[in-house]
Structure formats: structure tokens, C-alpha cells
Amino acid sequence: MKIAVCVKQIPDPATPYELDPGTNFVARPDDQVLDDTDRYGVEVGLQLVEEIGEDATLTLVSMSPSGTLQGIRQALAMGADRAIIIDDGSLRGADALTTAKVLAAALKEDGFDLVIAGTESTDGYAGVMPQQLAELLDVPSLSFARKVERDGDKIRVERQTQAGYNVVEASLPALLTVTSGVVEPRYPNFKGIMQAKKKPVETKTCADLGVEPVSQQIIQSVEPIPARQAGEIVEDEGEGYLKIVAKLEEAKVI
Amino acid sequence: MSKGAVGPRKPNPRDFLNVDALLDGEDRLLRDTVREWVGDRVLPDVADWFEEGYFPRELAREMGDLGLLGMHLDGYGCAGTSAVQYGLACTELEAGDSGARSFVSVQGSLSMFPIWAFGSEEQKQQWLPGMAAGDLIGCFGLTEADSGSDPSSMKTHAKRDGSDWVLNGSKMWITNGGVSDVAIVWAQTEEGVRGFIVPRDTEGFDTNDIHKKVSLRASVTSELVLNDVRLPADAMLPNVVGLKGPLACLNEARFGILFGAVGAARACYEAALDYSKERQQFGKPIASFQLTQRKLVDMMVAVNRGMLVALHIGRMKDEGKAGVEDISFGKMDNVRMALDVAREARSVLGANGITLEYPVIRHMNNLESVFTYEGTNEVHTLIMGQAITGIAAFS
């Protein structure tokens, strides 16, 4: 079974983001890290690989216009077997659909039984790319998976809902998205870290894949988030919880 | 898209000199992994462990899974990292607690290293994979109650009886002693000091934990008692005779400490920095006061300088060029620095600084042990004194 996990490298969330004044897209520094939400997808993939055994492989697929590999190495250190990087200057500032087209081309060329992606990236937050990708690949898409099981040529997931979960299954090949927090991503161990630099990383361009990136999404303007209002401090003299419950009811969250 | 503004950078308060830029991606990934593990598994509970005088044994296996144990050794289940990477891991562990770093130092540098460097192939096969995995815990018996800086005065001895060895004596201040599965014990023989691998369940071998410690409380410290301990000939480490054996192990462990101490100092400085920006007195954060800024800057400069020293010595070690005197430089000065920073940070935290709610006094008390163990501050000073004068102040 060939499992592909789509991963994204993003600017380190610990440092403030800067926007490119020309495009309003997030400026990409040379050093980028693995999107934390992708660690869940990698973990789910690795657990499936371990369950299936020797016949299963895990390939990372990433559109990584800056050419940085730090985040990819992290996922390789966790245990992925290899990586395919689409590194092409023309992809700077690519929108979600362009990303999906590029990843689809790479996945079709390499072949796959199951594609795993995060629900949304931490830097872009569009949240539409995985479904676009499934459509372009012409495979069923199972979203918000919190538990994943393989049953012969089917994949079954528990799909997180507001009230609980649905059990959904699809025949392979398929695509699934995992939400953050569904599994405990493993720490890359030191042997994995030492081996990561020896694992194969194939780099491709748009021309190699026969795709021509045309970004149609234009960000017209960007407004900063209004400054947060000061909070209200509830004095607790034994019945503070009642006041908090009243506030929550007022805000209609309970 | 632009790659960000070009021009003078703004210093990061937590990495003022951007030492990060001196590390490669693999170094940083390994460092970040240990930092995250310490944040997940050590920091949430270490104040309780310290208060209760407890080291959770299950951490050993987690450390083994990560690859922390014997990480700088090659083969036999060890990760085979660089010396700098071993050092960076020690920095992160000790930013959690000196007890966690001590565990890793004792396991990797003092227990596994002698087997790896001086053991027979059979000994390596028998012990190292289990120790690297954290299934087996080791300890290192050199110091005795009356034999500290002068190990040549040790009284523990091993005598031949046929092909067997019979060991008698006791060892003191032994980290991990009480939780160990195997002890590396150094004893006088007719040929000089030799190392022995003593399995925990050997008859006549016993341990007594040292209680009422006020330092390194999240770490087990014990006495080892050897009462007619009979060992087969193949329990002896065949490839070293004399004190150079244990001293080589100590040199490895001291190397970890010169990085580790920077971690403890960094944790204290960061705790003081955060606290000073939140704590209000006279209507403003205490970070507004000149005396506090002086303390914060002194601490920040000390931590950055200590890290640069550590990295420089680490790079020399990776090139095979670091001498005993270089390790002494780092161990002596970085631990002294860390202790100074911890005390300064404690003063910034005021009364809160004496509680375990903040990490500072825990580090401060731990560092009193680190100041003394693995070659006292004084001995390292005299090693360097001899190096620059050519005159040995002790012999």
C-alpha cells in the first residue's frame, strides 16, 4: 500500500509573520518549519504503515517554493520513507487551487493508494485544498478523520462531528484529512534524525510535471485584527462559577 | 515574493546573539525534539519530583526511545550523533532539571562509555543495546566517602581468587545507584585501578539511597556497598588499566555538563525576564527599573557567552582536538556562570523566587551539586592553572 502524506513547510509560527506588500501573501523566509498540523497526518500515516507491515510505504509530497528542507527532514525523521518536493520559483504565492493542481500532478505521476492531508494549514487557513485535490485525483474524500482503519481495499474513518463522530468508509484509492489532536505525533528519535538526511528526496519543477501554475486568487486588501478589549475579572467568593455560567449563557455558548 | 527585509536584525531576547544560526538543520531538529520532550514530560511535573525526592524510572525508557542514552556512541543501538548534538541535548535536558541531565550523563558517558571504550566485544553486545534502550540503568562507582578529588586514594579493592575477582569496599555519591541494574565499579588491584561490570543482583552488592538532600532531589543518589562480591574474570573491563580509565569517562560527562549548565542558566534568565515584565511595583513592571535591567542584561550576556564557549569546545571535540584543559575551561566557567545567573534570577523573583512554583531555586540548588561533582570547580581551576604555568598545584 502506497500512502502519500501532503505536508507543508511554513514560516516558524514562533516568529511574527510578515506579508509581502505586493501580493499580501505571507512572506517566506529561507528557514521554514513543518506545519504542526501536518505532524498528525504523518503520524496517522506511520501508524497505518506499521499496521500493514513491509508492503506499505509512506511518501511525503510537498510544494515547497523556497527550497528549504528543514520541515521535510523533520517528517522524514519521524519515519517517512521518501519525499517528493515540487520546487519551482513560479509557485511563489500560489493559491489553493494551484497547489491542488500541482500536488495532483505529482501524486498521479508517483502513484498512490491513500492520500492524507491536514484539514487546513496554519499559515494560509484556506481549508479547501484537500477537497480540491480529491476532486482532481477523482477519488473519494473523507474529512475530519479522528481514527483511521484499513479493511482490505477499504478505508474506514471516524469522522469528527460537533456532537460526536460518524463512521464513514470509502474504497481505495482515497483521500482523507485529519484534524489536529487526533493522535499523539511521535517525537522523531535520534536515529531517525540521523537517517533523515540519507533518505531520498526527489525535486521536481512544474515543467517536469507538465502543469502551468495560474494563480487566480488575488488578496485585495488586508486589515489588522482589532486590538482585544480588556477582559473582565470575576471575583470568586465561592460562587464565582455561577457568574461565569451566567456569562457563558449570555454569550450563548452553553 | 520578498524574502523579508534585509538589514540589521532585531535581537531575540531568548537568543540574543542568534547562536541558532551557527547550528545546522539536523542540530536544530535534534535540539528542538529534546526541548519539546522536556516541555511535555519533565517541566510539568519536575517541581513535584523535586519536592518528593523522586526520579520516575519510566523516563529511562522514553529517553531510550528518543535515542538520548549513549547518543554520542556508535553502534550497539546507539544513535551516533556528533559531540555538539550530545551537548545540545544536555542543554535542553538541564533547562528542565539537572537531575534529568545527570541521568543521561551517568547512563551514556559514565556507564555505557566505559563498556563501549574499554569493554570486550561480548561485554558490549551483552550490555549496550539494553542500556541504549533504557531497559537497563547503569551507574558509575569511583568516588568514595573519603576519596573525592583524589581518586587514587580509593580503598575499594579487587583481589584474584582463582580466575574470579572478589571486590570489597564502598562507593559514595553515586547517581542512579539505587535504580541501577548494573554498576561500573573502579577498584584497586595489584596491577592498578581496574573497572568491573557488577550486575545488580550479584551477591554481596547492595545500595543505600542518600536522603535529606537539598539538591538534585529529582535524581537518585546512593551508596554502593561491595561485601565479598565475587565476579567472573570476564566481568573486568579488559582494555584499560589505571585512573586514565575512569578519568576518560569523566571527561565525557564533563563535556555534557558544560553544555547542560547553560540550559539551567538559560531557564533561570528566562524565568527572571518573564517575571520582571509582569511583576508590578510602584505602578510599573519591575523590568522598568535600572537595577533590574542591569541584572537581566548581565544574565543574558552570561548565557550567550556560555553557549558560545560550549559550542566552540563542542566543535573542537567533534574534530578530535578538545583537550582535558578545554573541557575544564567549559565545566568550571559555565557551571560557575550558571550558579551566578541562578542566584541573580532568584533576586529578581523576590520571595516568589524561593518557591518551587518557579524553576529558579530548584536550578540554583541543583547547580550546587553540579559545581562540585564531575571534578570540583577547584580541581578544574588547577588543571587550567597547571596548563598555563606548567606547575602542578596538586599531584
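Predicted model: local features only at pLDDT ≥ 70, side-chain atom pairs only at ≥ 80, totals over all residues.

Reply: Residues are numbered from 1 along each chain as its sequence is written, chains are lettered from A and ligands numbered from 1 in the order in which they are written, and side-chain values use heavy atoms, with hydrogens and water left out.

Me: What makes Lys197(A) and Glu26(B) a salt bridge?

Reply: The term asks for a side-chain nitrogen of Lys or Arg within 4 Å of a carboxyl oxygen of Asp or Glu. Lys197(A) and Glu26(B) meet at 2.6 Å, N to O. The label therefore holds. Chain A and chain B share two salt bridges.

Me: How many residues does each chain give to the contact?

Reply: Chain A gives 24 residues and chain B gives 27. Contact here is heavy atoms within 4.5 Å. The two chains bury about 2100 Å² between them, 59% of it on carbon and sulfur atoms. That area is the accessible area (1.4 Å probe) that two parts lose on being put together, summed over both.

Me: Why is Arg82(A) called buried, but Glu202(A) partly exposed?

Reply: Buried means under 20% relative accessible area, exposed over 50%, partly exposed in between (1.4 Å probe, protein chains only). Arg82(A) has 18%, so it is buried. Glu202(A) has 31%, so it is partly exposed. The two form a salt bridge, with the closest N and O atoms 2.8 Å apart. Glu202(A) sits in strand S11 (residues 201-204) of chain A and Arg82(A) in strand S5 (residues 82-86) of chain A, so the pair ties together parts 120 residues apart in sequence. Strands (E, at least two residues) and helices (H or I, at least four) are DSSP runs, numbered from the N terminus.

Me: Are Arg266(B) and Glu92(B) buried or exposed?

Reply: Arg266(B) has 14% relative accessibility and counts as buried. Glu92(B) has 2% and is buried. Their side chains meet in a salt bridge at 2.9 Å, N to O.

Me: How do you know that chain B agrees with a compact globule?

Reply: The radius of gyration is taken over C-alpha atoms, and the globule rule is 2.2 Å times the number of residues to the power 0.38. For 395 residues that rule gives a value near 21 Å; chain B has 22 Å, so it agrees. Buried residues make up 55% of chain B.
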